[in-house]
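Visitor: I would like to learn how to read the features of this structure. Could you guide me through them?

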Amino acid sequence: MRSAVTAAARTKDERRQVAWAQIDADGWRDWARDLKTHVLTHLDDYLQQAEQSLAANGCKVHWAATGADACDVVVRIAERLSARSVVKAKSMLTEEIGLNGRLEGAGLAVRETDLGEFIIQLLDEPPSHIVGPSLHRSLDDCRRLFHERFGTALDASPETLAATARVVMRDEFLDADLGISGANFLAADTGTVALIENEGNIRISTSIPKVHVALVGIEKLVPRFEDLSGLIQLTARSATGQPIGNYVSLIQGPRRAGERDGPDEVHVVFVDNGRTNLLADPEAWEILRCVRCGACLNTCPVYRQTGGHAYGWAYSGPIGAILAPGLLGLRASMPLPFASSLCGACAEVCPVRIPIPELLVYWRERAAAEGLTPALETATMKIWATLSEHPDAFGVAADAVGALPLDAVGRRLPVVRGWMEERAAPQPSRERFLRTWSRKEEGQ
Amino acid sequence: MTHAPPPSVTFLATCVADRFFADACWDAITVLEHFGVSVSVPLGQTCCGQPAHNTGRREEATRMARHTTRVAGQAGAVVLPSGSCAGMIRSCYPSLLSRDTSLKNGSIRERGAEETSTLPDRVRELSEFLVHDLGVLGRRWSDSGEATPRLGSGLEGMRVAYHHGCHALRELGVRDEPLALLRACGARVESWDGDMECCGFGGLFSAKFPEVSAGMADRKLDSLPEDVDVVTSADGGCLLQLSGRAGHRATGGEPSFTHLATLLRRGLT
């Protein structure tokens, strides 16, 4: 697993580097940060404008305060249509709210149509990456899976596997009663739902079934249609290193009179699910700028070690570790804010300049203030701070650390134990520098 | 022709280097004095507060930041043999010392001497100070008098792998300085695929998530170029992590792990 994750993440990271070297990276980042910040600080206005634009386009707008509410909206639409089957475009929001389980519980057959999502649906696994949900699975894993399920050869080429998935999906696309998608962006002025992809499954999922439901996090708004161009390119460059996705769908309502293709109904479900609370947080609101490109996952040395499943919910990597406390609550998210060396690689690549390391520290501060950190750690830090204010005592303590026979007792000491599990004991200097320095000064 | 008075600096050893890299502290001072710098070492120095900051103990981190600010004096450069502690002071102190220390009560205190300190602007990692403040690389090529002290060639033939500590790299923007100094002293700095990747130290992170942290160190060690004599870094914490992991694996043939200050002192000859 580790080698598959590391290799895939590195490849994506290297492609991103190439793609960003071709553009004025700082200028693009500043522009995107400012645009998203503007939207978030005027979100109520833009939501109202978007609702009017969508209605004018013939879309039906729904509001969902929670994930459960959003699921209920979709189930009610499905029940009204007497729908039996659903095709889904890849959507992290639907992973966040557990839509698939809810739909299946209501008796619907759900098919994920993104190839990566298709693979993990067959494996009954959650996604391990925001952009590449099956990134933790190697090609050989997929070969074995397709061999068992569809009888393809054990050495089948990736092209053969993709073609096989396509055949399986084709009838399901044609039979589906409902197509469900997320949204990368939604332009408030024109009511346009923007979706970026490489495989074409999103376009099919949103155009063949008679009804299309788009679930949209309220932070996905942009003011103007013309803002989409920059954001779509920026997201593609960050996510996969492409100048633009292979397909960009700009959906502006249901099929109109005289048009041959497209759904009869388009529903847009605006989902809050904790976002308004997060927006009210004086520090953490900046997380809502996230465009879900996954660049911070790809560059993160911790993510490369652990993969996405270790984070325990839909969003993994650095962004997952700061988003979890915001949407799930801090207690439920422990110890994610601490699962970082604070190396800062994530902040360097974020296309909307989210200060991820600072926000990790912010959640740590909140956790410490709310008593969610280990009592021993709290006590140690209090003692450490007091010692630091008393240099003589600090010096005695530092001498004592040097005198500890760590090889013999280290494994029984808190904190040191964690170090000793995986590393040789550090070798202290014979005498501390400050001791020798002060002796030299006295001698003068 | 007038000469500028020899610069004087305050040296903060940092608690990690004081305890585990005492020789490197002396080496840093030797290098500074070689270039005519007068070095003072305040004996009241302790810890910059980074462990408390990284574990979310804002109040404790602020107390330690106040103490360090008082100890470091009012003027002149403050030089540290650590990018991480220098980064803590430069990028975290301003916010620690300007915001209220307690998240619970919103009381506003009067701004004291620590809040208005210029320490964050005066703090320097050693190689940063040598290159930018002293201009020691320029001296090598200058035609000034014989008495001008210069770097030597004491590292001639040495094959070095340089680990960029994350905070030196990203908080201080120190990247080329240590490499240029090592090369100027004759070292051959080998290209290392993972040189800018985190070693997995991260302070308490290394003890809280030992397996993940060790995996990160392995990735560094496994990608080391062959036949490297010395792995070096401006940060003692990273060196403890890398050497500790290498010692634990004991695969044999490990390079030595040596602080940058020590190599630069050897480079003077």
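Guide: Gladly! Bear in mind that this is a predicted model. Let's begin with a helix on a sheet: α2(B) lies across β1 (8-11), β2 and β3 of chain B, and runs at about 145 degrees to β2(B).

Visitor: Which strands form that sheet, and in what order?

Guide: The general idea comes before the case. Strands of a sheet pair through backbone hydrogen bonds, and the pairing is either parallel or antiparallel. Here four strands of chain B make an open sheet, ordered β2-β1-β3-β4, with parallel pairing. The edges are held by β2 (38-40) and β4 (123-125) of chain B; each has a single partner strand, so one side of each lacks a neighbour in the sheet. From one strand to the next, the twist averages 35 degrees.

Visitor: How many bridges join β3 of chain B to β4(B)?

Guide: Three bridges join strand β3 (residues 78-80) of chain B to β4(B), and the two run parallel. For one residue pair to look at, take B:Val79, whose bridge partner in β4(B) is B:Arg124. Another helix is found here too: α5 (residues 83-98) of chain B lies across β3 and β4 of chain B, at about 155 degrees to β4(B).

Visitor: And what is the strand order in the sheet that contains β5 of chain B?

Guide: That open sheet has four strands in the order β6-β5-β7-β8 (chain B), and the pairing is parallel. Its edge strands, β6 (188-189) and β8 (256-259) of chain B, each pair on one side only. Strand β5 (residues 159-163) of chain B is joined by four bridges to strand β7 (residues 230-233) of chain B, and they run parallel. Within that pairing, B:His163 stands opposite B:Ser233 in β7(B).

Visitor: Which helix packs on this sheet by touching β5 and β6 of chain B?

Guide: That is helix α10 (residues 176-184) of chain B, whose direction makes about 170 degrees with that of β5(B). Helix α14 (residues 260-267) of chain B lies across β7 and β8 of chain B, and runs at about 80 degrees to β8(B).

Visitor: How do I read two helices that pack on each other?

Guide: Two packed helices are described by the angle between their axes and the distance between the axes. In chain A, helix α2 (residues 25-41) and helix α11 (residues 227-239) pack at about 120 degrees, with axes 11 Å apart. That angle makes α2(A) oblique to α11(A). The crossing of α2(A) past α11(A) is left-handed.

Visitor: Which residues make the contact between α2(A) and α11(A)?

Guide: From α2(A) come A:Trp28, A:Trp31, A:Ala32 and A:Leu35, and from α11(A) come A:Asp227, A:Gly230, A:Leu231 and A:Leu234. Sorted by class, this contact has six nonpolar, one polar and one charged residues.

Visitor: What about the contact between the chains? How many residues does each give?

Guide: The size of an interface is often given as the accessible area lost when the parts come together. Here we can count residues instead: 55 from chain B and 49 from chain A. Elements giving two or more residues to the chain B side include α1 (15-20), α4 (58-71) and α13 (236-249) of chain B. The largest share of that side, seven residues, comes from α12(B). By class, the chain B side divides into 27 nonpolar, 15 polar and 13 charged residues.

Visitor: How many helices and strands does chain B have?

Guide: Chain B has 14 helices and eight strands. Of its 269 residues, 56% are buried. Among contacts in chain B with a separation of 6 or more, 80% are between residues 24 or more positions apart.

Note on methods. Residues numbered from 1 in each chain as written. Chains lettered and ligands numbered in written order. Predicted model: local features only at pLDDT ≥ 70, side-chain atom pairs only at ≥ 80, totals over all residues. Axes fitted to C-alpha atoms, helices over the stretch in contact; angles between N-to-C directions. Parallel < 35°, antiparallel > 145°, perpendicular 65-115°, else oblique. Left-handed = near helix turned anticlockwise from the far one by under 90°. Contact = placed C-beta atoms within 7 Å. Nonpolar A, V, L, I, M, F, W, Y, C, P; charged D, E, K, R; others polar. Pairing = 2+ DSSP bridges. Buried ≥ 20, exposed ≤ 12 C-beta atoms within 10 Å, placed from the backbone.
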